[in-house]
Amino acid sequence: MAINISKQFLFRKLHQLSGIAPLGFFLFAHFFTNSKALGGAEKFNDAVGELHSVPYLIFVEWLGIFIPLIYHAVYGLFITWEARANNIAYPYARNWFYTIQRTTGIIVFFFVFFHILNFRFGLIPGLNTTPVAGNAEIAFALVAEEFTRLWVVVVYVIGITATVWHLANGFWLFAVDWGIVIGAQAQRYAGYACAALGVALLAVGLNAMAAFIWKGGLLGSEFWGMYR
Amino acid sequence: MSTQINPTNEANISRGTAMGTATYAAPSQTPDGTTEAAQRFVEIKIARRDNPDSAQRWETFRIPYRRNLNIISCLMEIRKNPVMANGERTTPPVWDMSCLEQVCGICTMVINGKVRQSCSALVDQLDQPITLQPMTKFPNVRDLAVDRSQMFDHLKRVHAWVEIDGTHDLGAGAKMSQEDVAERYAYSRCMTCGCCLEACPQYGGDNYIGPQAIAQVRLFNMHPTGKMTRDERLEALMQDDGIQNCGNSQNCVRVCPMSIPLTKAIYEENRETIIHGLFGWLKR
Ligand code: SF4
Ligand code: SF4
Ligand code: FES
């Protein structure tokens, strides 16, 4: 007998999955590449150049990033639209997480849109018109120049924090939505694990950004020198 | 349940002490435990509606305080003499009640902004003025009465019963492990009160099957005979407005007066629907 599933069920499950794979894993890779800036401009530019030599780049980029991203973002807005937040009457932690997940979703929507136009395509007139993609040799300089403006730094701190929150809580949501984590105690431990992951990711993300402002990031170049 | 009717609740203790002091000061005690000098009132604001299509309005009432008043006894007091605090006469308020011991669920309403049963809501534990509103997620029939048939439709949709076919004796059913019995007992306590749906930020306009029906799927899918129609229930959960609409705010499990592990039920069924729905075709 055929299995009878609604499109809505399929779409929701795809939405939950796409947030983790590929998008969540892409963020790990993205932070990893950006963290090469801790080693200096040359190391970062090499990493960017390396990325642009990935075979079948256009397929990887569109199938692995852009299409899942657009799907997750647009369908996410639909889900957010349905929410009837009631945090004042029912101020429980998970209920706050529910509302924050949707709020950060909206922030990330605009932030990522800006970020991609900005660095991937160089389409923000008045700020940046040179895409980092294809200009690996000046990649570090392009980014560092933007981060001399305070408002850009503020936008990125907010954007990175919202993204990391959304992903860390997203891992927890995926674990329960796919029935991996079930009982109350398992939910609690999964929560601690996601919180730890979130803190670590946030530190790595902000440090990578800082590397474009101060040599060697938040800990300074001597720190990295010691381990090089 | 226990937190709401716990006699050692702090609010009760302090109230008891205050009353005791008053008794010594003025020995002319009235039969209901208060003193004439210390006669106090309970102020109650009720959201009224005359019929399903008319607008809602607030009416304020003031009734004499007695010890151990609950919301239903307040409403009965108001019904005896429906005069508002401003002296204006009005119609007796309408609400539903039956068991008066938090077992039937029909007296559920929104009290001071939170959904709960009015029969077990004690005045001594509530801030005043006390506000009473009908649940907002179900059609409001009149005053505090709502039509909860959505929930019963959901039970039909998910096939929340065990099929026993035939008129002949089928013999004893299969045995259940003690563990399963305990888990099923928890789910079986659902009284279809609607608290979980009222507090669910995803629920509104009957757009989601909801935690109450999902827990009943769990109940009947754990039953040895109920298991035989397991897939039918799972597929009911995977239709439009199905289990996928849960947003994991977990309000349901926090407000359920019967302490039913609703999120556990939802996540168990998430696993079952994923395995059946997404991976089931790999078995063919
Ligand atoms: S956990 Fe799901 S079912 Fe329960 S209140 Fe939240 S959204 Fe509703
Ligand atoms: S699950 Fe709990 S809150 Fe929901 S209808 Fe049943 S008893 Fe009421
Ligand atoms: S009257 Fe039955 S639960 Fe309140």
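Predicted model: local features only at pLDDT ≥ 70, side-chain atom pairs only at ≥ 80, totals over all residues.
Chain B contains 284 residues, of which 51% are buried. Its secondary structure consists of 10 helices and seven strands. When contacts between residues at least 6 apart in the sequence of chain B are considered, 62% of them join residues at least 24 apart.

Attention may now turn to ligand 2. The shell around this ligand holds 13 residues. The closest of them are B:Cys190, B:Cys193, B:Gly194, B:Cys196 and B:Cys256. By class, the shell comprises 10 nonpolar residues and three polar residues, with no charged residue.

Chain A carries a nonpolar surface patch of about 1,200 Å². Among its members are A:Leu51, A:Val54 and A:Tyr56, together with A:Phe59, A:Trp62, A:Leu63 and A:Phe78. Helix α3 of chain A, which spans residues 57–82, gives the most to this patch, contributing nine residues.

One member of the patch, A:Ile58, lies in helix α3 of chain A. Is A:Ile58 buried or exposed? The relative accessible area of A:Ile58 is 55%, and a residue counts as exposed above 50%, so A:Ile58 is exposed.

Notes:
Residues numbered from 1 in each chain as written. Chains lettered and ligands numbered in written order. Heavy atoms only, no water. Near = heavy atom within 4 Å. Nonpolar A, V, L, I, M, F, W, Y, C, P; charged D, E, K, R; others polar. Patch = residues over 30% accessible without salt bridge, like charges linked within 9 Å, V, L, I, M, F, W, Y side chains within 5 Å. Areas by Shrake-Rupley, 256 points an atom, 1.4 Å probe, with all protein chains shown as cover. Salt bridge = Lys/Arg side-chain N within 4 Å of Asp/Glu carboxyl O. Helix = DSSP H or I, 4+ residues; strand = E, 2+ residues; numbered from the N terminus. Buried < 20%, exposed > 50% of the residue type's maximum accessible area, 1.4 Å probe, protein only. Contact = heavy atoms within 4.5 Å.
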